[in-house]
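Hello,

Here is the structure I promised to pass on. Please open it first, then read my notes below.

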Amino acid sequence: MLAVGLAAWLTPPLPYLDDAYIVAHSADVLRQGHDAAFGVPALVGITSPPYLLLVWGLQAIGLDALLSLRVATAAGLSAFLLAVWILLRRRGLRDWQAIGLLAVLLLSGQTILGLTNGLETGVATALSVWLIAATEERERWTVAILSGLIPCLRPDLLPLVGVAWLRATWGLPWSRRLGTVGVAALAAAPFVLWIRADTGEWWPQTLAAKRVFFAEGCQPLFERLTFAGSLIADWATTTVPVAVGVLLALRSATGRWLVLATLAILLAYATTLPGGIAHNDSRYLTPLWLPLAVLGLSDALVTLPHDRTLGSVATLGGILLVAAGLRHPPVFAEWNQFAQDVVSTAAWVDRETPADATLLVHDAGGLSVLAHRRLVDLVGLKSIGSIDAHAAYTWPSCGVQRAQAFAAIAASANARYLVVVDEWERIFGLAQALARRGWTLTRLREHPAGTRGYDVYRLQRTADASVPGRDAANTVAATVPGHNSSPSTSSSAAADTAAPRTNGNGR
């Protein structure tokens, strides 16, 4: 009851990440049977089908979109708190030690933001904690079930569950090990088959969209590795207790195996999308290293003699570590203001734009839930045709020709409005890209000064607006249901300069 109450108190009423609204929108598509905003199947743009199923179930019993996200988020945080508590008590920690360690972890850097972002992060982290506990106890059937579920929640965690399975089944006859593989396959099969039936793919395509949009994987390998290393170092300095816990996890055999698995995952990120390590307050690191920190810190506490003086010293050390990690405290007020601006922008769109208007967006979630207009996603999470445009221009040029992809998408969609966050405009220059190609942009709504928020532009395509190739525009139009292509015959402008790298607030 305390865990549920604490989770409900910590969970914000509005998700601060736009991707969370994508889940709520897809749940509504499942209920309604059609997608009025994007015209695509419900699982397009969804990374975690199990989490979507949870949100859909909450909506099915009568909760609205925002409340269903809040309850699902609180449920994930509650599951994490309970999983950590049970693991700590199982390892012999006293109540006060378990409470103190939980407090240290929750107050470390951006941990709370990661666990309450409206996505599957809390649930995935909770199951990762359960996986570690089951691996330590060699509970192979529990490990098998979690090995099937966790990759469906977060596909990037597949190496982690693979190593946990190896550790939990090591030394068993192959006949018994294959039995656990069968259990894992049965746990994953419903979600894999659901994706296949709904989208025609065997696995979520969200990473493919991000890979070609951000176009970081085509940079020199040394540059990618250096960039990824700097992001991990930044995370470690702002989340000191968790970083220390990961290092302490190396003291146990299970910890060493699992740390190697997380390093393999990070290497995959570093070579394909290094900036993703820091996206959304490093949320991808949360289910990787927070559970390992629980393992490492609990091991350290267990090895301490049961002495009140030493326990007090350890508690003081934890407080000092938290103080170091809170040099950059979670920006709750800033994120809440940004979430409120999503609501204000959606209300403005419904009030000030025609009912048949098509809007270009890069945040595909908020407006799909809170507004009622046709949308085209410039990144490609929901509008699949945008992936083709970025694959044709952004990826081969390492981001230099990203603006040409924007122009092709805008032309094929026949869009009349552009909705863009000021930070994305500063980094990627969406409005500037269209203006340089002959589009006339008129800013109709401006976010409040001194804050982060959404600006809305009216788009008018002039006769000399350039589109980078008729074939590309036609290709995009063919894969964006409900849109007609009217590409210009004029040629593309000169290639744009590459946009700077995204910071931790990228998608």
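I began with the largest pocket. Its lining has 14 nonpolar, seven polar and six charged residues. Here Ala, Val, Leu, Ile, Met, Phe, Trp, Tyr, Cys and Pro count as nonpolar, Asp, Glu, Lys and Arg as charged, and the others, Gly among them, as polar.

This is a predicted model: local features need pLDDT of at least 70, side-chain atom pairs need 80 or more, and totals for chains, interfaces and linings use all residues. Residues are numbered from 1 along each chain as its sequence is written, and side-chain values use heavy atoms, without hydrogens or water.

The largest pocket holds about 480 Å³ of space. A pocket is an open set of points on a 1 Å grid over the protein atoms alone, where a 1.4 Å probe fits, with protein on both sides within 12 Å along at least five of seven lines; lining residues have an atom within 4 Å of a point. The volume is the space filled by probe spheres set on the points, which are joined across faces, edges and corners.

Which helix gives the most to this lining? H14 does, with four residues. Helices are DSSP runs (H or I, at least four residues), numbered from the N terminus. H2 (18–32), H11 (206–214) and H14 (253–272) each supply at least two lining residues.

Now Ile232. This residue sits in helix H12 (residues 221–238). Ile232 is partly exposed because its relative accessibility is 22%, and that class runs between buried (under 20%) and exposed (over 50%), with a 1.4 Å probe and protein chains only. Its C-alpha atom is 9.8 Å from that of Ala243, 11 residues away along the chain.

Best wishes
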